[in-house]
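Colleague: Could you take one part of this model and go through it closely, with its surroundings? Please give the cut-offs for the terms as you use them.

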Amino acid sequence: AENVPVTWIEDILDHCCKWPNNEYVFQTKNPDRLLFGCWECRFQLPLNHLIGCTIETTDAEIIKAHSDAPAPLKRYEAIRHIRGLGHRVFITIEPILDGDLELLARWCADIKPEFVNIGADSKKIDGLPEPSKEKIEILIKRLSEYGIEIRQKSNLERLLGETFEET
């Protein structure tokens, strides 16, 4: 978020760079800030890193009504650019929200993430528009067709009505 002080980010990345044998995972809803806010400054990412981006819907109006996060299209474009620069990336679709989930699958295919996490709203926030079981099944089917590894969280069971093991 924009309210995270730049000095905190610098301190964390500086510390990570001191331990290059570790693998670091950075998760953000604002990859544009990571892309431009960090790399135009003195920020240096540790060598062994994985960058995750949360894109819970394609619908900008849903995000605007429930979050201060950047619009989904903006996040998609930024993480795609980061991937294009050669960085390892993953996508998190949690909490999965209603929207054009076929488009979201195409975005994921375009980004070429190492994997996609999918989960439901575990905080049970009233008013979050959740997709139908059928939409989620189509998303999972499309991601599979694109050859993308899918990691389903156990909380997705509530929306799918199925039991499966979390990967």
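Modeller: Glu157 belongs to helix α7, which covers residues 157–160; helices (H or I, at least four residues) and strands (E, at least two) are DSSP runs, numbered from the N terminus. Its relative accessible area is 32%, so Glu157 is partly exposed; buried is under 20%, exposed over 50%, and partly exposed lies in between, with a 1.4 Å probe and protein chains only. From the C-alpha atom of Glu157 to that of Lys133 the separation is 9.9 Å, although the two residues are 24 apart along the chain.

A word on the basis of these values. The model is predicted, so local features need pLDDT of at least 70 and side-chain atom pairs count only at pLDDT 80 or more, while totals for chains, interfaces and linings use all residues. Residues are numbered from 1 along each chain as its sequence is written, and side-chain values use heavy atoms, with hydrogens and water left out.

The setting comes next. Seven helices and five strands make up the secondary structure of the chain, and their order along the sequence is α-β-α-β-α-α-β-α-β-α-β-α. Of the 167 residues in the chain, 44% are buried. Among contacts (heavy atoms within 4.5 Å) with a separation of 6 or more, 74% are between residues 24 or more positions apart.

Leu50 is one of the residues in strand β2, and with a relative accessible area of 5% Leu50 is buried. The contacts of Leu50, leaving aside neighbours within four places in sequence, are with Glu23, Tyr24, Val25 and Phe26, with Arg88, Val89 and Phe90, and with Glu114 and Phe115. Its C-alpha atom is 7.2 Å from that of His87, a residue 37 places away in sequence.

Thr54 also lies in strand β2, and a relative accessibility of 6% makes Thr54 buried. The side chain of Thr54 meets that of Gln27 in a polar contact of 2.7 Å; a polar contact is a pair of N or O atoms within 3.5 Å, and within protein one must be able to donate a hydrogen and the other to accept it, with residues adjacent in sequence counted only if both atoms are side-chain atoms. Not counting residues up to four places away in sequence, Thr54 touches Gln27, Thr28 and Lys29, as well as Arg75, Thr92 and Glu94.

Glu94, listed among those contacts of Thr54, is joined to Pro95 by a cis peptide bond with an omega of about -5°. Pro95 sits in the loop that runs between β3 (89–93) and α5 (101–111).

Thr58 has a relative accessibility of 17% and so counts as buried. The side chain of Thr58 comes to 3.1 Å from the backbone nitrogen of Asp100. With residues up to four places away in sequence set aside, Thr58 is in touch with Pro72, Gly99, Asp100, Leu103, Leu104 and Trp107.

Lys112 is in another loop, the one between α5 and β4 (116–118). The phi angle of Lys112 is near 60°, which is positive in a residue other than glycine.

The cysteines remain. No disulfide (a pair of cysteine sulfur atoms within 2.5 Å) is present, as a search of the whole structure finds zero. For Cys53 the closest cysteine sulfur is in Cys108, and it is 9.5 Å from the sulfur of Cys53, so the two are too far apart for a bond. Taken from the other end, the closest cysteine sulfur to that of Cys108 is in Cys53, at the 9.5 Å that is too far for a bond. Cys53 is buried, with a relative accessible area of 0%, and Cys108 is buried too, at 1% relative accessibility.
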